[in-house]
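Visitor: Please take me through a structure feature by feature. I want the general idea, then the case at hand.

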Amino acid sequence: TPKEQRYDPSSAALGDFLVQRAIQQQLYYSAQLGNEPMVHWLKSFRSHEHLDSSQRGEGRCGFPGTYSASFGQLNTMPFTAYLDALGTEPDSSIEVNFVKPQRRLSARERANPFLNNQPPVIEVYDQPIIISKILAQLLNTADALVETWAFHLNEAENNDMVRVANDRAESKGLPSSMMRENAALVKGGETAYSRLTGDEAMPLYGFDCRACDRFDTLRALSLLVDEVTALTPETAFDVDYLRPEAAEDWDHDDFIVNEVILKRRKARRAKFEQGFVAGDGITKGKAARAAALSFLQNFCNKWVPKLIKGDARSSLVKGEYRHAPGMKEIRHKDSGADSEEAFEELWEYADEGVQKMLGGELVLPGLMGQRLREIRAAVAAESKGTLLELIAPELRKARIEYTDYVEEDGDGMGTYERFHLQAKMDGSENEAYSTAAVIAEMSID
């Protein structure tokens, strides 16, 4: 059944994924700074070499998309066990060998074969590994992730609810001038996220936001399966995405049609309806429930592995592809995907049922997608609460227990919140620079 084959990440898995991404973010920072000994030690601790960039090289950190955002890559789970293991690791040192850069020789010196053929000088030194400092850096990054992820989950919840309300409205509104202005601002990089981070978001943040959406979509999908499974033949049609009868796709009473054409259409319709479920409401309710579960099973088999893996391409690269009308992007069958691609497949059904499936005419995947998005909005609020109420206290506990942090010295502010306050005190942040001022500066008509 779909319930047995589904992937249902629990709330605790969100903490594991957050620490996983914090490690990857620290690997990126250390590689960017050229701190190769720290990169090697951090990814070697508890065998997390797979968290490093697939394009890593000495002196090269790799693009953010090369740090895999797949779920379940933290070897020491739950995340509290990893923090405890790192906090109780004794201080040590590692021996570092490097080739000392040679002095640049003049033309006269290069003509001297004894000077020009000097062997490389290898220097050796001990790099101290102070665990409390490493853990403090990791927790600083994790705290910043909690702050930015909570902000994104709040935005995702609001956006999903607005989308659901718009999809369910009988008359859809036309784009307004405010919507066009906001679209222009987004295109220019002025978003709610840029206001939060001051255009200084962490390198992996864009992929983290998409990963949070995938996480919530997987949980919402499992809840939708539970909802359909709990239906009975008597209550099957209480939900919007199941219907007792397949609607006529064309009403010939409003048009004057040639009798021969009308006869042919009726014959095609009769042949098409031969596979429809017949009987009373209980029989149709049972068939509709079974068809919905079968459809969700096929949908999960296709999209759950893709959502677990995720799309490694950046938003810029994804936007470069322009498919022809009615065509889809051709990608490898094992490639990952983001949540909106899964929603797109449900949206494409529109008001149509599922074909080539017994009882499929009673299932409306388009409305099922609306319900899935509605559930995801609730899951996003739950995930935000998990971050702030369950994960953040565990990070604070590890900081107090294993680092030099003194709880009385904390100000209770987030990283970016502290940056905004400091900028305001320094006079470098202009609160009067509102959205209207940005629009005026961009000369948006």
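## Reading the features

Guide: Start with Cys 212, which is buried at a relative accessible area of 3%. Buried means under 20% relative accessible area, exposed over 50%, and partly exposed in between, with a 1.4 Å probe and protein chains only. This is a predicted model, in which local features need pLDDT of at least 70 and side-chain atom pairs count only at pLDDT 80 or more, while totals for chains, interfaces and linings use all residues. Residues are numbered from 1 along each chain as its sequence is written, and side-chain values use heavy atoms, with hydrogens and water left out.

Visitor: How many disulfides are there?

Guide: First the rule: a disulfide is a pair of cysteine sulfur atoms within 2.5 Å. By that rule the count is zero. For Cys 212, the closest cysteine sulfur is in Cys 209, at 6.4 Å, so it is too far for a bond. Cys 61 also counts as buried, at 16% relative accessibility.

Visitor: What helices and strands does the protein chain have?

Guide: Both are DSSP runs, numbered from the N terminus: helices are H or I with at least four residues, strands are E with at least two. The protein chain has 17 helices and two strands. Of its 445 residues, 39% are buried.

Visitor: How do I read contacts along the chain?

Guide: Contact means heavy atoms within 4.5 Å. Take contacts between residues at least 6 apart in sequence: 79% of them join residues at least 24 apart. Asp 240 is a case to look at. Asp 240 sits in the loop between α10 (205-229) and α11 (259-272). Asp 240 is exposed, at 55%. Leaving out residues up to four places away in sequence, Asp 240 touches Leu 364 and Leu 367.

Visitor: How do I describe two packed helices?

Guide: Two packed helices are described by the angle between their axes and the distance between the axes. Axes are lines fitted to C-alpha atoms, for helices over the stretch in contact, and angles run from 0 to 180 degrees between N-to-C directions. Under 35 degrees is roughly parallel, over 145 roughly antiparallel, 65 to 115 roughly perpendicular, and the rest oblique.

Visitor: At what angle do helix α7 and helix α15 pack?

Guide: About 165 degrees, with the axes of α7 (residues 131-168) and α15 (residues 365-402) 8 Å apart. They are therefore roughly antiparallel. The contact divides into 19 nonpolar, five polar and 12 charged residues. Here Ala, Val, Leu, Ile, Met, Phe, Trp, Tyr, Cys and Pro count as nonpolar, Asp, Glu, Lys and Arg as charged, and the others, Gly among them, as polar.

Visitor: And α12 with α14?

Guide: α12 (residues 281-309) and α14 (residues 339-347) pack at about 155 degrees, axes 10 Å apart. That makes the pair roughly antiparallel. Contact residues include Phe 299 and Trp 303 of α12, and Ala 342 and Leu 346 of α14.

Visitor: Which backbone values stand out?

Guide: Most residues other than glycine have a negative phi, and most peptide bonds are trans. The bond from Met 77 to Pro 78 is cis, omega near 0 degrees. Pro 78 is in the loop between α3 (36-44) and α4 (79-87). Arg 46 lies in that loop. Phi of Arg 46 is positive, near 60 degrees, and Arg 46 is partly exposed at 42%. Lys 356, in the loop between α14 and α15, also has phi near 60 degrees. Lys 356 is exposed, at 89%.
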